[in-house]
Amino acid sequence: MASRKKRTAKISEEEQSRRQRFHFQAILLADNFTTKLLPLTLERPNVFLPLVNVPMIDYTLAWLESAGIEEVFVFCSTQVIDYLNNSGWYSHKDFTVKTIESPHESTSAGDALRYIYEQQIETSQIQDDFVLVSGGIVSNMPLTQLIQEHRDRKKKDDKAIMTMVIKQSLVTDHELFIGVNPLTKQLLYYDEDKICLDTSLMDRNPSVLLCSDMQDCYIDICSLEVLSLFVDNFDYQQLRCDFVEGVLADDIMGYKIFTHEISSCYAARIENFRSYDMVSKDIIQRRTFPYVPDMKFSGNRPLKLGRQGSYRASDAIRSPSVHVGDSSVIGHATTIGSGAKILNSVIGNGCSIGSNVVIQGSYIWNNVTVEDGCEIRNAVVCDAVKVSAGAILQAGVVLSFKVVVGRDFVVPAYSKVSLLQQPMEEDSDEEHLLSSVDLQMESKLGPDGAGYIWQVCDEEWKHSVAPIPKDKLAEIIDDDDTEDESVVIPSGNANSINNDVNDLYDFEIEVDGTFLRAVEENIVADLAVLEINSLRLSYNMESAHCAGAIFYSMMKLAADTPHSSAIDLYKNAASIITRWKGLLGFYVKQSDKQIEVISRLEEMCQESAQELGPLFAHIIRFMYEEENDILQEVAILRWADEKAGADESDKVYLKQCEPFITWLKETSDDEDD
Amino acid sequence: MDFQVVILAGGFSSNLVPLVSKEVPKALLPVANRPVLSYVLDLLESNNLKDLIVVVEGEDAALKVGGWISSACVDRLHVEVAAVAENVGTAGALRAIAHHLTAKDILIVSGDIVSDIPPGAVAATHRRHDAAVTVMLCAQPVSGPSESGGSGGKDKTKKPACDDIIGLDSLKQFLLYIAKGAEIKKDTRVKKSILCAAGKMEIRSDLMDSHIYAFKRSVLQEVLDQKPAFRSLKEDVLPYLVRTQLRSEIFSDQNNVEENGNGNGKNNMQNNEVVLSQILSNASLPSFHQVYESGLDSRKTHKCCVYIADESKYFVRLNSIQAFMDVNRDVIGDANHLSGYSFSAHHNIVHPSAELGSKTTVGPHCMLGEGSQVGDKCSVKRSVIGRHCRIGSNVKIVNSVVMDHATIGDGCSIQGSVICSNAQLQERVTLRDCQVEAGYVVCAGSEHKGETFARK
């Protein structure tokens, strides 16, 4: 009896230790590493942007808590730490929030993870596999089981360092192509732009499931190796295009990433205005339950769910003639004037909306004043903005904090307006910008307006709140088709040749650059050989191409060096050849490569007949000479033989060399005798 | 069934020299002592496809094939033999016989197939989807025929290079991508528009194209007319159709065109909504072709379908010497249901008229043709010996094919080799992985490995 008791005690002890060891932890990268939400994120970190009147970070934290995470490390700026201090998040039972203040130099997820790793060495606060989420994630998926699955897989195969959550996407306009092994769900391919499968991938995997309808949720279960990989590869910046693609491309370490597809629960990440719009709609339509406006899940004040899926705060004041359509949200202490129409929109707290205003598909944040007769369609309007009477916001407009739109002013579609000036590419130093704010300086928003209209790129419609116009949608597909046009050439051969030619061209440019750098920095020929070899391998070129490309670069350099006469040019060429014969010599050991060099010279001579033309024979001779020994007589004679059958016009340079070749022939005959 | 069947029987394939000759075109090469073409004809007959056109390259070959067909199966099948010029390619051959094609759909079968996959299933799939083309796919054989051909049988150890790279939709009904492994130097590039329309695409390298296709006749003729440069069905026509399936440049049937012409453009929006609501309600999911078609103006699509044969089915194309050896071995061995013979209790077939000397053993998976004579103390293992062969004493034949009327002297040892008809091996010849041309005489006492014997 006693022994049994002991045993149970022992088991519970084990259980205890196991639980200690398998703490469920998460890292939340709450800093903003994206520029897609500019100009709003200049003034407020993106995790604070309200999503249906609740800051995004509250959704993420509430989800993590309910998903079974016991400890979360929030990597964030001081602003966020201040917010968390004032919020109730620290006082939750069984859910610890710890903050890691982001150092100023961290500008990407990679920097953040490297910083966390540094801390990890001292504190080893992260004990085991953890969940890595970025800011702006709204989800309701359970995590503990997934973490357990990941741990079990990791036990069997210690190369399985990451499990990535993906979800079937309902929209088709985003571009993400992933390839998955249909049986093991291992991620084999990840690209946001093109589909280009390596043949070796096909050799290793008899079946690859390519998906274009999947959405990456940016929720990853990571093992500790992920952190150290970021440290080892200090150039990794982003989680996806650097880390994931890097792991997939690297077969030396053999690390594997697996995917987990969720179907019944919700997960999405806000990265631009389009996803902001989509996630907001999902919240209103209760797909994210229990994180919906009428539930209290954080410091929010719940709203009342009314008819037809619209939410309204009990203290919102509106006149009876207001029409509030389906799926709209109206916040606390907001007043709405008579005759206003609110359709599919979110209106925050403390706003005052004038009469006869039309607001459709828009997001109005807190304390916004919209005067009578305004029209707002598919726009995002931030805190404390004032839209004066009669103004119109066209589709896709974003008004940042405290902007004032003048009377009857029409804000053009897709424009972004902020009190801050658009940071220049060179200096994006925020403080400098803040000091330069001058409200009186040329306001483009009408006589009494305030704010700068930012320059936006032409592709803004892709990421905007407004739905993509029909013609653009057709354009996308047309684009694709025109791009494909070259592929449709019969039998497909022409295309591959085309590609080869392009590759060759790119390769030559690269070689040229490398060579010039070598000349500038006066590198030893052996090192230059190494560099060019690596280029050759990456472009999959033959060494004959190398020989041609290097020689071309050398001659180009000679021709580019200032010279007054042909003799000068010859001297230039000669000195370059002498200097770099080690490099060129490495690639022209066989006679066919030497012939390539000769034909290359011939080509160049034809292109610039005045300059190089007359020197052809001299250069050939120079390269033949004893001390250089780049060209051998076999090659020269073979070239001459090949050329003998060519057209008369092609023989110009052959004729130029005739005396030299006859001399060569004689000497070789002599030797034979 | 309103299907016309075209059998592309080829001519004197250069891959198979020296097995083929003026007397024996590729279609008549013996597999277990029957011409390979007979396997295809049996397969078609068993699927009730009896209206056949056999296309042969070269007049001479056509005469030979025609002669054999009229002697063998004129009473059971309605077979027409058409001769086309040599080296016109498969597309060229079809172009040449285009005026013979009248049926709505055409089934195209390569004449060198030994298989038990029902072509009728391909035809049925084709009809069900109203496809422009349907391709039969089968599992890539593990140790199967390697393309290298070569002279020796040594390349069995070589892992087969992935021949075809095939992209399928998620239900494995449609062909979204096809490329020959050898063509792709480095990367597989997939058209975005097709992938986006289909959502998912499964890229398989463990399937291969079996060279059995069903084409809509109008589509096939249209493509052949429009693209005179196309030479090969597999390398030109099929990839072209797959590539352009969402931007069809060919007219399908006349009435189809009318339908589409009226339907598109006008009620585009409506269509779109209907389709979308269909998707949402999950009721009778339309194929992505329809979705795509309705989403845009004036675009036509055609469907490229696949039929994937069961893995347990046997399939080999006789297109290399290695494949010839494999087929002969399998038909009397693992896949003996194909041979149409009944095997003895020893898993071999010895024709009653064959004569065996004393102490001669014929192992399992062997075949000994009519009227052949084998001397004393011989041993035959896993080999096919044709009709009226004369084999001396103390002869060892392993893993080999000996064709009709061959003569093998005393004390010979033959392994992994092919001895063509009327060839003669004198005494004590040792051959390993060799091919001996028809009528060739190998001198006494010689020893050879991996060689090809042919008159210059």
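## Packing of helices α19 and α21 in chain A

In this predicted model, helix α19 of chain A, which spans residues 591–607, packs against helix α21 of chain A, which spans residues 633–644. The angle between the two is about 60°, and their axes lie 9 Å apart. Because of that angle, α19(A) is oblique to α21(A). The crossing of α19(A) and α21(A) is right-handed.

On the side of α19(A), the contact is made by S591(A), D592(A), Q594(A), I595(A), I598(A) and E602(A). On the side of α21(A), the residues involved are A635(A), I636(A), R638(A), W639(A), E642(A) and K643(A). By class, the contact of α19(A) with α21(A) comprises five nonpolar, two polar and five charged residues.

## Packing of helices α8 and α9 in chain A

A further pair in chain A consists of helix α8, residues 224–232, and helix α9, residues 239–249. These helices pack at an angle of about 100°, with their axes 12 Å apart. Since angles of 65 to 115 degrees count as roughly perpendicular, α8(A) and α9(A) are therefore described as roughly perpendicular to each other.

Which residues of α8(A) and α9(A) meet? V226(A), L229(A) and F230(A) in α8(A) meet L239(A), F243(A) and V247(A) in α9(A). The contact of α8(A) with α9(A) has six nonpolar residues, with no polar and no charged ones.

## An open parallel sheet in chain B

In chain B, seven strands form an open sheet, and their pairing is parallel. The order of the strands is β16-β19-β22-β25-β28-β31-β34. Strands β16 (349–350) and β34 (452–453) of chain B stand at the edges; each has a single partner strand, so one side of each is left without a neighbour in the sheet.

Within this order, β25 and β28 of chain B stand next to each other. Strand β25, residues 401–402, and strand β28, residues 418–419, run parallel and are joined by two bridges. The bridge partner of V401(B) in β28(B) is V418(B).

## Confidence in chain A

The mean pLDDT of chain A is 79, and 86% of its residues reach 70 or more. Over residues 426–442 of chain A, however, the pLDDT is below 50; this stretch has 15 contacts in the model beyond near neighbours in sequence.

Residues 479–498 of chain A also have pLDDT under 50. For residues 479–498 of chain A, the model has 20 contacts beyond four places in sequence. Where pLDDT is low, the predicted coordinates should not be read in detail.

Definitions and conventions
Residues numbered from 1 in each chain as written. Chains lettered and ligands numbered in written order. Predicted model: local features only at pLDDT ≥ 70, side-chain atom pairs only at ≥ 80, totals over all residues. Heavy atoms only, no water. Axes fitted to C-alpha atoms, helices over the stretch in contact; angles between N-to-C directions. Helix = DSSP H or I, 4+ residues; strand = E, 2+ residues; numbered from the N terminus. Parallel < 35°, antiparallel > 145°, perpendicular 65-115°, else oblique. Left-handed = near helix turned anticlockwise from the far one by under 90°. Contact = heavy atoms within 4.5 Å. Nonpolar A, V, L, I, M, F, W, Y, C, P; charged D, E, K, R; others polar. Pairing = 2+ DSSP bridges. pLDDT = per-residue confidence, 0-100.
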